[in-house]
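Here is a short report on a structure.

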Protein chains: 2
Amino acid sequence: MLHDLQALTVNGERLWQSLADMAQIGATPKGGVRRIALTAEDKAGRDQFVAWCKAQGLAITIDRMGNIFARREGADSALPPVISGSHLDTQPSGGRFDGCYGVMAALEVCRTLDDHGITTRHPIEIAVWTNEEGTRFTPVMEGSGVFAGKFTVEHARAQKDVNGVTMGEALDAIGYAGDVECGKPVAAYFEAHIEQGPVLENANEVIGVVSGGLGQRWFDVTVTGMDAHAGPTPMHLRRDALQGATPIVAAIDAIGRAHPDTRATVGHMRVEPNSRNVIPGTVHFSVDLRAPTDAQLSAMETQVREAAARECAARKLEHTMVQTVYFPPTPFAKVCKNAVRSAAQRYGYPHRELVSGAGHDAIYLASVCPAGMIFVPCKDGISHNEIEDARPEHITAGCNVLLQAVMEMAGVV
Amino acid sequence: MLHDLQALTVNGERLWQSLADMAQIGATPKGGVRRIALTAEDKAGRDQFVAWCKAQGLAITIDRMGNIFARREGADSALPPVISGSHLDTQPSGGRFDGCYGVMAALEVCRTLDDHGITTRHPIEIAVWTNEEGTRFTPVMEGSGVFAGKFTVEHARAQKDVNGVTMGEALDAIGYAGDVECGKPVAAYFEAHIEQGPVLENANEVIGVVSGGLGQRWFDVTVTGMDAHAGPTPMHLRRDALQGATPIVAAIDAIGRAHPDTRATVGHMRVEPNSRNVIPGTVHFSVDLRAPTDAQLSAMETQVREAAARECAARKLEHTMVQTVYFPPTPFAKVCKNAVRSAAQRYGYPHRELVSGAGHDAIYLASVCPAGMIFVPCKDGISHNEIEDARPEHITAGCNVLLQAVMEMAGVV
């Protein structure tokens, strides 16, 4: 029996078809998906998911954040469930796989278990987390954040979109404000997701065993000098804010390269007055630091602050650097990593351990239960884009690994 | 007689009052002036100037570009005039001195000559050039440009403002489209102007003997990499356009410092997609190179192109660099420089020779006659700003020098 279970595979064609069917809801002309949280498209996607689950005999519950749980009963229904899932909402110009893959893969796991009449000891639940993308309502990962106790339902429901509609009103409007309180005991959580980066594809590997989520510190930096006419102002009398910002921006990149597995990015820059023949008086830019440990994050921040102080002092410029975002580093549970790794090994999938640089619902879940993620390659590492793409064999492989990891943590009777 | 003439001084209080009176027209709450070319305010400023000239017995002519000439007859009216002037139009948030000073100083020269009953051999004309600032209609220095044959009246009149009104229509509407053809023989041209830079103030000097106008080459540079998520994309797999642009921007500043009397400025930068957690895929920036000689300009351009090619190749980025503006270097006539310098010496004004980094009507005039400029300090080098300011004693000193230079070139009978 054990041998057979380890060779068990999901129905890749059925999984691929589910993804294709769900991609019809909010489909864009360029082949992407626009299914923004708590819109009519999101409701239609949720309804489709619920219909599929009911057809599969799964029991639906919806919590006050609109998180959907579809339960496949276990041999011991008193045990906490093993949960797997992700989100169905997308970016405004999103793709067919981000989020949706994790939900459809979990559904395919349940279907496969049904196909083979397999009963698990723990119940299994498929989760659809509300507003992961944070496109319409902030913060990102709102549903899983409330589930994990990071903020309250009341806080989340009060957030407004650009038209002044609150998240609570939007949830009520689409009929997905459930009455179940948020949060409950969870035996383990797994999430399959496209990598959204280039590492696996570059290495010709199929499975990413995700070791955890990078911690993040974001800052806003402002460098201030004096704007002046480019023509009449000699070089030695300038206080050019852009020339002060430039070496800081270069230092940030070098700092990201100097530490293992870290990232340092300046994505946003605004120059004032931003006129061709005026020396810039002010430059604003963002700093996004990510690292596996808080010690690295702190060291990187110190180095950025030193670079900013040094370069501004050298040019008689002023500057400020203010933290705007902090997410702590989140190592995933060893038991979950091991379950993912050994499944990949058994199928013979080329794999590697890697960190998640982006945020995922699994990162909030990791604070309340053992959690793990399975990454599969996506084309050119591109995501949050209508051209987001992935190969069917990779999609199937990730789901096979999910199947094994879920069976291992849920136990098979 | 010669000795007396060399000790002659203008009426500084009258000059200061003229500036104050003109500053009432289009005055802004913050103490600046908004008198945009060919608006009702510009018409009111012109009307005031014309009224003052008529009161002084000067003869007004207006050419097809709306350039105003107020003529003080000379002993030999067949000789070409010595012209002095500048412009009365301002930036949208302009100051009280930029342009206006050159016109009021020329008027004060005529008034002073009248006070002392002095007759010059050449006629003297005060010029008000149309649309120097280029705020409403492009190009800048439009009136003097047509006068100097750089482009045609028809071309200039066809230029449209943001509301689709042509320059010709605006000129007709305020009644300043004259019937005199543009351009005529000129014995010499002088223009007094605030420096618009910090050199004189920093050196505690009163008079800038302007040696000429810097040549200018402007470029648009685009650096292209690949935008990607800041989180999932490791440093070594990035093609970050901002990190490619950064060392080029730094190199441009260094190139400006490496050559004598040159300027190199990046005033405009635009990052795409300019999102905090997205690696920039494209960066556009401007390059403004200025130098006293074409050889320097060419050497600087070569160095910028080399830096761009080197930095982009090192990061697997593409780039383009396209020239958008070229103004040739314009050395002023030795005879005019000498007239300005010796006047400053005679009055005992601390002075230095400096180049004009900005464009002025005198630079176009220099292509059709001997031309020169007199700079006086402005507070903190600030111009094109409502807080633009200058000291009365410097304003007077510049006008005294203008008086001497005009008398020298026009001859006194």
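A:W218 stands opposite A:V325 in β13(A). The model is predicted: local features need pLDDT of at least 70, side-chain atom pairs count only at pLDDT 80 or more, and totals for chains, interfaces and linings use all residues. Residues are numbered from 1 along each chain as its sequence is written, while chains are lettered from A and ligands numbered from 1 in the order in which they are written.

**Strands and helix**

Strand β7 (residues 215-224) of chain A pairs with β13(A) in the antiparallel sense, over nine bridges. Pairing requires that DSSP finds at least two bridges between two strands. Helices (H or I, at least four residues) and strands (E, at least two) are DSSP runs, numbered from the N terminus.

Strand β13 (residues 318-327) of chain A lies largely in the open, because one of its ten residues is buried. A buried residue has 20 or more other C-beta atoms within 10 Å of its own, an exposed one 12 or fewer, and a partly exposed one a count in between; C-beta atoms are placed from the backbone.

Helix α13(A) has 17 of its 19 residues buried, so it is largely enclosed by the rest of the structure. After α13(A) comes A:G411, with a positive phi near 75°.

**Domains**

The bounds come from an automatic or database domain assignment.

| Domain of chain A | Residues |
|---|---|
| domain 1 | 2-213 + 329-410 |
| domain 2 | 215-327 |

The centres of domain 1 and domain 2 of chain A, taken over C-alpha atoms, are 37 Å apart. Five residues of domain 1 of chain A are in contact with nine residues of domain 2 of chain A. Contact means C-beta atoms, placed from the backbone, within 7 Å.

**Two chains**

Chain A can be laid on chain B with an RMSD of 0.1 Å, by a turn of 180° and a shift of 0.1 Å along the axis. The two copies are thus related as by a two-fold rotation axis. Superposition is by least squares on the C-alpha atoms of residues with pLDDT of at least 70 in both copies. Of the residues of chain A, A:T246 comes closest to the rotation axis, at 2.7 Å (C-alpha).

The contact takes 49 residues from chain A and 49 residues from chain B. On the side of chain A that touches chain B, α9(A) gives the most, with nine residues. What surface do the copies meet through? They meet through the same surface, because 100% of the interface residues of chain A are also interface residues in chain B.

Conventions: Contact = placed C-beta atoms within 7 Å.
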